[in-house]
Amino acid sequence: MRTLRTKYVITGAALVILAGCSSSSKVAEQSPVASKGDGSGTAPAATTAKKAEMALVRFVNATTETKGLAFGDTTPFPEVKAHDVSAYKEVPAQRHDFKLLPENAAGSQPLATNSEGLSAGKHYTVIAYAEKDGTMKLDPISDDLQMPAAGQAKVRVINLAPSLEKVDLYATGKKSPVISGTSVDSASDFTDINPSEAELMVRHGISKKNSAPVKDLTMKAGRLYTILVFQDKNRNIKVKSVEDEFTAPMGSNG
């Protein structure tokens, strides 16, 4: 009987976990996403966008001059300033070329292109950046926006600093990084983090001197944070953060 009761306990716990995961997934799919700070705005729920055959796209301009971003024959992001972030916008879930455009782009040839097939209801961040030799590139990143664990926040790093091969993200006072080894022109996975560890810094190299704080960031449970690492024309590190939140509470879509 003891063994049988233990089996029931384990099964019950597993069902509770699965139910929690299912509820979290429903919130992530059926809730609008509100973004604060850089890239502020509210995007419709993934399920709403999917029904309309639309994808949700955000543009990060990691270059040192204003740029526009076209998709096919439309230009959903006509002007985004250097090191700035747009809100999510609805874009047709089709395959077209993303085209990076200079400021006042009428009649101009694209600075870079990238063919991408977008899936309905999915979130994407498209980054524009310059390689060390100045060549412009576009890279669409699929955003896996999911609820953090209970009482936790989520954080990721996108390294857009051309001369920094890898960067780490540290919480103040911690010896081990929260996220380590994010390569240039790439994004880390989202990682759960205790929101009380609000003082974060980006570090490249072993020395603490090679670091830059993530300013004006107060993390809160249930929210997702993207830390963007740039370099200015003098190769100084610049850091920005984007906060995303599912606006429907847990259980509201049950």
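Analyst: Lys67 counts as buried because its relative accessibility is 3%, where buried means under 20% relative accessible area, exposed over 50% and partly exposed in between (1.4 Å probe, protein chains only). Its side chain meets that of Glu65 in a salt bridge of 3.9 Å, N to O; the term requires a side-chain nitrogen of Lys or Arg within 4 Å of a carboxyl oxygen of Asp or Glu. Glu65, with a relative accessible area of 48%, is partly exposed.

The model is predicted: local features need pLDDT of at least 70 and side-chain atom pairs pLDDT 80 or more, while totals for chains, interfaces and linings use all residues. Residues are numbered from 1 along each chain as its sequence is written, and side-chain values use heavy atoms, without hydrogens or water.

The whole structure has nine salt bridges. One of them joins the side chains of Asp244 and Arg58 at 3.1 Å, N to O. This pair links strand β20 (residues 237-246), which holds Asp244, to strand β3, which holds Arg58, across 186 residues. Here strands (E, at least two residues) and helices (H or I, at least four) are DSSP runs, numbered from the N terminus. Both Asp244 and Arg58 are buried.

Strand β3 spans residues 54-61, and eight of its eight residues are buried. In a regular strand, side chains alternate between the two faces of the sheet. In β3, Met54, Leu56, Arg58 and Val60 point one way, and Ala55, Val57, Phe59 and Asn61 the other.

Strands pair if DSSP finds at least two bridges between them. β3 runs parallel to β10, with six bridges, and antiparallel to β7 (residues 89-92), with four. Two bridges also join β3 to β6 (residues 84-85), again antiparallel. Met54 faces Pro92 in β7, and Val60 faces Val85 in β6.

On the β10 side, Arg58 has Thr125 as its bridge partner. Thr125 belongs to β10, residues 123-130, and counts as buried because its relative accessibility is 2%. Its side chain makes a polar contact of 2.7 Å with that of Asp143. A polar contact is a pair of N or O atoms within 3.5 Å; within protein, one must be able to donate a hydrogen and the other to accept it, and residues adjacent in sequence count only if both atoms are side-chain atoms. Beyond neighbours within four places in sequence, Thr125 is in contact (heavy atoms within 4.5 Å) with residues including Arg58, Val60, Tyr88 and Arg156.
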